[in-house]
Every structure is written in C-alpha cells, then in structure tokens.
Amino acid sequence: QPEPAAPSGAQCLEHDCFGIFWAARPFAEASAACERGGGHLMTVRSTVAEDAISLLLQNRSGQLWLGLRLALPCTEPTQRLRGFQWVTGDRRTDYSNWAPSERRCGERCVTVSRELRWEEQLCQTPADGFLCEYNYAGSCPRLPPAEGLTVSYTTPFGARGGDFLALPPGSTAVVPAMGLELLCDEEGESGGLRWGRAAPGAWPCRLANGGCEGVCGEEGGRPRCSCPDGKVLGPDGRGCSSPCAGAPCQHHCVVAGSTFLCMCESGYRLGADGSSCEDDDDCAVLPRLCEQVCVNTEGGFECRCHRGYEMLEGRCRPVSRCYEAPCEQRCEDVPDGYRCSCFPGYAVDPQAPARCLLHCNRSQCPAECDPHTLSCECPEGFLLDDDADGGQVCMDIDECDMNFCQHNCTNRPGGYECHCYAGYRLLDQNHCVKIPEEDGEGAYSGDFGPGPQTPIPSRTPPKVEHLHPGALVGIAVGALSAALALLALGYHLAKKRCRSPTTMDYKCSGPHEKEMGLQPVASGCAA
C-alpha cells in the first residue's frame, strides 16, 4: 500500500495541528511518515488532545499509533506512563488513559482506538493507521464567512478542507469566486501572522475587509486601504505603520502628519543631517554653571571642586584635615592644617600634641575611675586618696615638703618651682649657683641660667687641721639625728603614697618638674 501523501483528516488549534492517516504501518514507518511532514507521532498530555482524537476518528473503528514507545526492558504498571516515553524524548504528561494490562516485556508501543483507551502493542505489528502532531509558533484565524463565497484551505503538511478552526503559517486559502489565493504569513509592524498575498493593495472589501489593517473602501470599483491619523500605508498597500517606523532618528522620532521629525534629548542638538544628535558643551553655553570647576560630559555636565575642597550637598566645601588627624580627643580646623585639643579635665601632652593627659589646676580634683574595672587614675603629681564620702579624689603632692629645692620652693598643682636667694641663680631645676660679680647683681635669680658652672670660692680656703675628738663625736651625733629624721619623713610619705594592690598604684613623684600624664606601676614604691 503506497505511503499517503496527505492525512485523511486534520484539525488545528492555535499552536498545534493533528492529522489522522488511515494507512497500515508498523510503528517505525508511521513515525517516519509524520517526520517527513514536519511533525511527529501524536502526544496526548491532556484532555484537549484527547478531544482532538475523538473529533478526527468520527466514530470510525481501528487502532492508531500514538507517540509512546517502551524505554525499559519491561512495562511498569505502577507508573503513570508505565515505563513508556514520548517520541519527543520526555515523559511529561498530565493525563493517561490506559487499558488494563499486566506487566509485559519486549519492544512495545501504544495505540488508541475509538474508545480512546491506550493499549500496548508489539511495535512491529502494523496498526490500522497513525496520528501525527505538528507544532507552530502561531496561526491565522479562518477567514470570516462572506455571502456567496466558499474558501478552501490547504495546510503545509498537506491537509485540505474548509472546516479548520485555525491555520498554521504557510497555509493557503483559495477563493474560487474571486480568483484569489491568500497566504498565512507574517505582516505588519507587530510581525504577527495575517492573511496576505504577493500583489500589493486591497482585494474586494467584503472578504476580510480587503486585507486592510485600517479602513477598506471601494472607489470606482477598486478597493483601497486607508490608515488612521498618525499612520501611513505600508509597502504592501494593506498594513498601516507609523511614519517613524524605520526612521533614521538617533534619539526620538515625532509623527508630523504623514511624515516625521527627529528630536534630541536634553544636552544634545540636532545635527545638520536632521537625524543625528551632537553633544552640547553645557559648560560653554552657561559659563557660571558650577561653583568652581565645570566638566562637560556626553549629554550633560559635571561639577567638581578645586584641590583642598570636596563636594557636599552640591557645594564645594574645604576639606577638613580632622578626618585624617591623629587627635586623641578633639580636633579643629585651622588655616593650612588642624589643631588638637582635649576634653575638660585633660590637657595636651607637651611631648605628643595629639595625646591628652589628665590635668588638674587645683590642689584636689575628682579621680577618673573606670566603672567596669573599678580602677582610678590621677594626673602626675597627685596621689589617689579617699574623700569624706568614700569616693576617690586626687590630692596634690606638696613637693616643697620633700626639700627638692636648695633655696626657696613654691608648690603648684601637680608640680613645684624652685627659687634662689639674691646673688644666686638656678643651675638646674633644683640647685642654685652663685652669680659671678661681673654678671651683674641679681641676674638669673629665679630662672635657668645659661649653663652649669663650677662655683668659685670668694676667699682662700683655710689650711687643713686635725679635728678635736669632741668635734668628731658631735658630727656623728648630728649625722645620726639627720638620718633618723629623714627615715621618719620617708616612712610617712611611703605610707601615704603606697597603697594596697586593690587601689590604683602610681609611681612616686621624683625631684623633677612633672608632666601632665599618668605612670601606673606595680604595687609598692621605690625606696
């Protein structure tokens, strides 16, 4: 029996067409016949496809191949597709309609009958026919009926008839009464499928509006298409398109009647060719556009600032040096730089201007205590002590009681100052040296002198004589008394300054001018 050239019947939906072939073929030959027409054996994944089969069979009996073939050695009755696979290579489905069957092995394929039940068959056994499926991206609607006109359709896979619901691309519609043949093809701006023909212009308006996208009219017996305002007829004389379709405008196209105008975005001007757009130099057009520096950019401009300034809220502000300053507490901008300062109760460290040290300008100040570690700190030159309320205070050390100064001493909060008698000047912080007569009376009596000098005796020292034994005894007694007095004073100071490890310990003040800073040490004080 020869291979059928066209299906015995067919039906098309929006994206799918189904054809029925009444020709006895084994499964493999039926599958090849569908592929030659651009399709494949039918897949039935929903009740929609099942309805199409029912329509095509039209109560005819017989077994027709579906696109199911066993992919396993044996069937699996518990699975939805029983181990079968679609000819499209997948097993996706929302529907199945199997006839009762036991587990079977070997090469098996599936047929469907008028009862729409799926039955397993040997693939080599010829069935009474087969069902083909064709898939398309879109379709053309059937032409609207017109009085006295019959239309015959032909699909790309060879099906013919006049009762199709939709036609796939490439289908033809023949109207014998008009001698007209139309083709379902892409037309118009949208690229959608429409009925058309190779010859431009409209056909008689009573059939599908003459193919016009706009209005079809017949003047002098000749059909002609016209378009609404803002659109013009396309090259085929039927479709309508905007005058801007295909316009060479670089930025914007504006419809002006039956033509168009090109326009540019802000910051550009239309070029001499009427379609391209050229950048405007905004900085040249508006000289004072920016506060300091204007930089032209593509389609606009950018404001920038001179070195040493930064852009803040659209204005150029001087760059604060404090952003990168190492100040420990406070910082203020000054011309060409910055200056560090401290919170109340602190003073700038003379040796490191970025650091802050505890400072007290009275004889007694509250101690700085950490509430977490319960440790307290005092400025240098002060000792930690308890006040009447049980709090911690910093008490100034009276260095003048320690006889650091050779002559006179003035105690100050956190420090002291030595003064010399008339005719003497300070040799260092604590000691005085007699002023030579040629230097003038009273020079350097209270300030540091130009440098250390060896004292010059005012008269010739007496000759060395042997001391009387009584004098030696007096000297020894005096030395012992002085030692006992110094020991008592040292004990008193050590008791005051040296606290138990539970209290914050500090280095005992030495005979030098004190800097504003703390020097925590281990518990206990140096003798």
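Reader: Is Tyr416 buried or exposed, and how do you know?
Author: Tyr416 has a relative accessible area of 6%. The cut-off for buried is under 20%, so Tyr416 is buried. One thing to keep in mind as we go: this is a predicted model.

Reader: What about Phe404: buried or exposed?
Author: For Phe404 the relative accessible area is 16%. Buried means under 20%, so Phe404 gets the label buried too.

Reader: Why do Phe404 and Tyr416 count as an aromatic pair, and what kind is it?
Author: Their rings lie 5.5 Å apart, centre to centre, with 45° between the planes.

Reader: What does the pair of Phe404 and Tyr416 tie together?
Author: Phe404 lies in the loop between β36 (392-396) and β37 (408-412), while Tyr416 is in strand β38 (residues 415-419), so the pair links parts 12 residues apart in sequence.

Reader: What feature does UniProt place at residues 396-433?
Author: An unreviewed UniProt entry puts "domain: EGF-like" there. In the model, residues 396-433 are 0% helix and 42% strand, and the end C-alpha atoms of that stretch are 29 Å apart.

Reader: How many aromatic pairs does the structure hold?
Author: There are 9 aromatic pairs. One of them is Tyr153 with Trp195, at 6.0 Å centre to centre and 40° between the planes. Tyr153 sits in strand β10 (residues 152-154) and Trp195 in strand β15 (residues 193-196), so the pair ties together parts 42 residues apart in sequence. Both Tyr153 and Trp195 are buried.

Reader: Which residues form one aromatic cluster?
Author: That cluster is made of Phe84, Trp86, Tyr95, Trp98 and Trp118.

Reader: How do you know that the charged end of Lys434 sits over the ring of Tyr424?
Author: The charged end of Lys434 is 5.5 Å from the centre of the Tyr424 ring. The distance limit is within 6 Å, and the charge must also lie within 35 degrees of the ring normal. Lys434 is listed as sitting over Tyr424. Arg60 does something of this kind with Trp22, lying over its face at 4.1 Å from the ring centre.

Reader: Why does Glu76 with Arg103 count as a salt bridge?
Author: The closest N and O atoms are 3.6 Å apart. A salt bridge needs a side-chain nitrogen of Lys or Arg within 4 Å of a carboxyl oxygen of Asp or Glu, so Glu76 and Arg103 qualify. Glu76 is in the loop between β4 (64-70) and β5 (84-86) and Arg103 in the loop between β5 and β6, so the bridge joins parts 27 residues apart in sequence.

Reader: Are Glu76 and Arg103 buried, partly exposed or exposed?
Author: Glu76 comes out at 25% relative accessibility, so Glu76 is partly exposed. Arg103 has 52%, and exposed means over 50%, so Arg103 is exposed.

Reader: How many salt bridges does the count come to?
Author: By that rule, 12. Among them, Asp349 and Arg355 have their closest N and O atoms 2.9 Å apart. Asp349 is buried, at 6%, whereas Arg355 is partly exposed, at 39%. Glu332 and Arg339 also meet in a salt bridge, 3.1 Å from N to O. Arg269, Glu278 and Asp280 are linked in a network of salt bridges.

Reader: What makes the phi of Leu116 stand out?
Author: Most residues other than glycine have a negative phi. Leu116 has a positive one, near 65°. Leu116 is in the loop between β6 (108-112) and β7 (118-122), and at 16% relative accessibility Leu116 counts as buried.

Notes
Residues numbered from 1 in each chain as written. Predicted model: local features only at pLDDT ≥ 70, side-chain atom pairs only at ≥ 80, totals over all residues. Heavy atoms only, no water. UniProt positions renumbered as here; feature names shortened; annotations may be inferred. Helix = DSSP H or I, 4+ residues; strand = E, 2+ residues; numbered from the N terminus. Phe/Tyr/Trp six-rings, centres within 6.5 Å; stacked < 30°, edge-to-face > 60°. Buried < 20%, exposed > 50% of the residue type's maximum accessible area, 1.4 Å probe, protein only.
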